[in-house]
Protein chains: 2
Amino acid sequence: METEISSVGEFGLIDRLTEGLKPVNASTVRSVGDDAAVVRYPDTDVLVSTDMLLEGVHFDLTYVPLKHLGYKAAVVNFSDIYAMNGTPRQITVGLGVSSRFTVEHIEELYAGMRLACQVYGVDLVGGDTTSSRAGLVISITCIGNAAPGRVVGRNGAKDTDLVCVTGDLGSAYMGLTLLEREKKVGAGQKDFQPDFAGKEYLVERQLKPEARRDIIEALAKADILPTSMIDISDGLSSELLHICKSSDVGCRVYEDRLPIDYQTAVMAETVNMNLATAALNGGEDYELLFTVPLTDHDRVSQIPGVKVIGYITAAEKGAALITRDGAEIPLQAQGFNHMSE
Amino acid sequence: METEISSVGEFGLIDRLTEGLKPVNASTVRSVGDDAAVVRYPDTDVLVSTDMLLEGVHFDLTYVPLKHLGYKAAVVNFSDIYAMNGTPRQITVGLGVSSRFTVEHIEELYAGMRLACQVYGVDLVGGDTTSSRAGLVISITCIGNAAPGRVVGRNGAKDTDLVCVTGDLGSAYMGLTLLEREKKVGAGQKDFQPDFAGKEYLVERQLKPEARRDIIEALAKADILPTSMIDISDGLSSELLHICKSSDVGCRVYEDRLPIDYQTAVMAETVNMNLATAALNGGEDYELLFTVPLTDHDRVSQIPGVKVIGYITAAEKGAALITRDGAEIPLQAQGFNHMSE
């Protein structure tokens, strides 16, 4: 069944999308249905982050299911809040919808966002829904909180700090490469079945990334407060350079320490891509990159999923990768810069 | 001088746009340059509102200067916060920019947003800037605050309350009509000069609306707490119906009490439009619509710019306009519904 959005109108659509929403956070005082949502944070710092996703730039609906897209759009915002050492609590959703979408399509998209909210304990508290002349536009703002003094920015890294990353790198980019390849192969073929055999992990990393709430919780449990932190959305190189610039430091990371999944390595070989390049510049991993004092080495090394990949230096030493054969290569932000594509 | 955005890149552009930003609110703890902004509201409720503006749907750059557009995009968000009886404090700006825009264009847009922030005492604390395949996309989220117990929603109107509006109605819509007409007249003509003589007020209402901070301050000074409030973005009828639905009440408003500017009346006659229709359904006035207890009649009537236009009834009486000749016409939300256009 397909329902034209015009047949229910803006307010009818919003009613359907927000039906049955029940806030789970005590900080959510008033949710959807007014000019603004009301939240209350008497004792903690409030974090605010915004991300915009545009059809044709950030996603391709020929291979991204709408529910996955909704899930991802929410999760990448949660990731920004975790990257400040906070907990996401509320989101508002701005949506621009062109006439080719039906009510059911937008319900699918919302189902993904609502699922992500459920999984991460976040309330969808408001937004704006409008028509678009050109494809789907998603803009999500996430509100979160952190105890005062526990917020971690990009600007606190110090000389001799350890550089840590979570999970593995480059897999989301390899998933994108795979999806793009299968799209080309299947173009024009009816009932084409893409071949993802043995590469399911890469596809999942691209289509359904998760934010590293587990790491934030593990760091708190281990009583480790990172000196700086950022999430890896544009590639490790780019994010390392952000930390170095904001903290006025340099860094050395080791090629042989970069965490890379086996499937990523196989796929990189298949498409003849340098593996370190994929790990350094592939975007959308949504892993955490953070620094801790050298004295935290033992405790941080014990956290599953965290790997020490290098160390912070004085600013004048610059930011560089040390290759397997010992060469120093300056890091460059050639990652996912949508503005220069 | 025109600078291609690709020549400075996303981060170069953001650096230029946010240069010299100095927070003015004590609640702004950390501004642009990290994964999230940090705000602090220990003693007050926090209001969060999002608005999305899309080229070709909400604005037409053939007659909207970019600086005005930036100003308006910010102000309409402030208006949502005032409509909750709050004070806007921070905004985040999501921006999608297609390749036909230069760095200077986006600086113009930002100049307008920054001017609005300056005028209203708001801090621009973050956002996301990305490329767009299809025109300009602006998504702004506004954070504001109100003392606990002072937040006014749409849902508190009670039988016998007075219905009040600020300023005048229909002028922004008449401004739009005028701009559209001059665009048609001038189409294809080089050096065409549109004729706005005597109608400058209408053009200004459309291109450079203001949010009614003055009214919120005047209400506080007069110690009046409205029982319900909303800003008029989609037309008086639509907003009255929102209040009636949320508050489970009906209303009667009088045609001869609707505040209408002289220029609006002249323009409506010129284009052969019913004046009450323009006032009831013309969107984008960004005036405030609110209800107060009957006992506040004398005090609210003394506030300059506020007009009592009717009263709240029990829900079963429905929402209606009483015409000049005494007829009752049910209110309909036929205003600015972008989804059903």
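1. Asp34(A) and Arg154(B) form a salt bridge through their side chains, with 3.5 Å from N to O. The pair counts as a salt bridge because the cut-off is 4 Å between a side-chain nitrogen of Lys or Arg and a carboxyl oxygen of Asp or Glu. Between chain A and chain B the count is 8 salt bridges. Note that the model is predicted.

2. On the side of chain A that touches chain B, strand β3 (residues 45–54) of chain A gives the most, with 9 residues. Sorted by class, this side of chain A has 26 nonpolar, 25 polar and 16 charged residues. Polar contacts are also found across the interface of chain A and chain B: 24 residue pairs, with both residues at pLDDT 80 or more.

3. How many residues of each chain are in contact with the other chain? The contact involves 67 residues of chain A and 67 residues of chain B. The size of an interface is often given as the accessible area lost when the parts come together. Here the area buried between chain A and chain B is about 5,300 Å², and carbon and sulfur atoms give 55% of that area.

4. The two chains also share sheets. One open sheet has 6 strands, in the order β5(A)-β4(A)-β6(A)-β3(A)-β2(B)-β1(B), and its pairing is mixed. At its edges stand β5 (123–131) of chain A and β1 (28–30) of chain B; each has a single partner strand, so one side of each has no neighbour in the sheet. From one strand to the next, the twist averages 25°.

5. Another open sheet of 6 strands, with mixed pairing, has the order β1(A)-β2(A)-β3(B)-β6(B)-β4(B)-β5(B). Its edges are β1 (28–30) of chain A and β5 (123–131) of chain B, each with a single partner strand, so one side of each is left without a neighbour in the sheet. The twist in this sheet averages 25° from one strand to the next.

6. In this sheet, strand β2 (residues 37–39) of chain A pairs with strand β3 (residues 45–54) of chain B in the antiparallel sense, over 3 bridges. The bridge partner of Val38(A) in β3(B) is Leu47(B). Helix α2 (residues 66–82) of chain B packs on the sheet and touches β3, β4 (87–97) and β6 (137–146) of chain B. The direction of this helix makes about 145° with that of β3(B).

How values were computed. Residues numbered from 1 in each chain as written. Chains lettered and ligands numbered in written order. Predicted model: local features only at pLDDT ≥ 70, side-chain atom pairs only at ≥ 80, totals over all residues. Heavy atoms only, no water. Contact = heavy atoms within 4.5 Å. Buried area = accessible area lost by both parts, 1.4 Å probe. Polar contact = N/O pair within 3.5 Å; in protein donor to acceptor, adjacent residues only side chain to side chain. Helix = DSSP H or I, 4+ residues; strand = E, 2+ residues; numbered from the N terminus. Nonpolar A, V, L, I, M, F, W, Y, C, P; charged D, E, K, R; others polar. Pairing = 2+ DSSP bridges. Axes fitted to C-alpha atoms, helices over the stretch in contact; angles between N-to-C directions.
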